[in-house]
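Trainee: I would be grateful for a close look at a single part of this model, taken one element at a time.

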Amino acid sequence: PGEGGESEATPPMEQPEQQNPARKRLQAAEQKMRDAQKKLEEANREAAKDDQEKARQELEKAKADLEEILRQLREEEIERTLAQLEARFRKMLELQLKVNDSTLRLESIPAADRGREVDIAAGKLGVDQRKIALEADKAYNLLLEEGSSIAFPESVEQLRIDMEQVAERLAQTKLDPLTIGIEEEIVTALNEMIAALDKAQKDKEDNKQPPPPPPPGGEPQDEPL
């Protein structure tokens, strides 16, 4: 039983390394830089100019390799963040459209005919709206953590404020043009954010494309006027 337990415990310890090749590349580059740094220190102690220059070149190349891997990891992280944000905003839009449709249905009921049932239904819509506002809050925090200029934390903050305002009005059964107008502005803002995120992802894909090959003969051509 003891031997069986040991053999069962081994695979889970190996899985993280197998599942994260980027981390393995980074660790290998860091080790390569440490080795090059050690060689340079040894060459400096021995005062051998040829060895010093060779070790210095190895160190510079190791540093460049490490910087490139870090850049690639950063790009991959930004791409994942963009995809996560777009998926979150699309889900928010789907939920918001449902709230808007339900608000319009309740608003179409004449004020004189609105009873307790309408108050309850409007209150439930207010709860649904607050749930969407929580999603906007998560998106806002994700943007702040990401820390690049890919998107619009200020716009998301305003979006959350608008959602909270709608939630409050629905809780008070304020089924009027102002509530509906704010809901429509929320949908417009969500569509604009989704379009911006989609464009950001396409731009990053385009930037990955290799530059066009030089013309035959190797001579650069003048750009057309």
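**Helix H5 and what follows**

Mentor: Helix H5 covers residues 153–171, and its 19 residues should span 27 Å at 1.5 Å a residue; the end C-alpha atoms are 27 Å apart, so expectation and model agree. The expected span is 1.5 Å times one less than the number of residues, and helices are DSSP runs (H or I, at least four residues) numbered from the N terminus. This is a predicted model, in which local features need pLDDT of at least 70 and side-chain atom pairs count only at pLDDT 80 or more, while totals for chains, interfaces and linings use all residues. Residues are numbered from 1 along each chain as its sequence is written, and side-chain values use heavy atoms, with hydrogens and water left out.

Thr173 lies in the loop between H5 and H6, and its phi is positive, near 55°, in a residue other than glycine. Most residues other than glycine have a negative phi.

Helix H6 (residues 177–208) holds Ile180, which counts as buried because its relative accessibility is 10%. The C-alpha atoms of Ile180 and Asn100 are separated by 7.2 Å, although the two are 80 residues apart along the chain.

Glu183 is also in helix H6. Neighbours within four places in sequence aside, Glu183 is in contact (heavy atoms within 4.5 Å) with Val166 and Leu170, and with Gln96, Val99, Asn100 and Thr103. Glu183 is buried yet has no salt bridge, the nearest side chain of opposite charge being Arg169, 8.6 Å away. A salt bridge requires a side-chain nitrogen of Lys or Arg within 4 Å of a carboxyl oxygen of Asp or Glu.

Methods: Helix = DSSP H or I, 4+ residues; strand = E, 2+ residues; numbered from the N terminus. Buried < 20%, exposed > 50% of the residue type's maximum accessible area, 1.4 Å probe, protein only. Lys, Arg positive; Asp, Glu negative; His and termini not counted.
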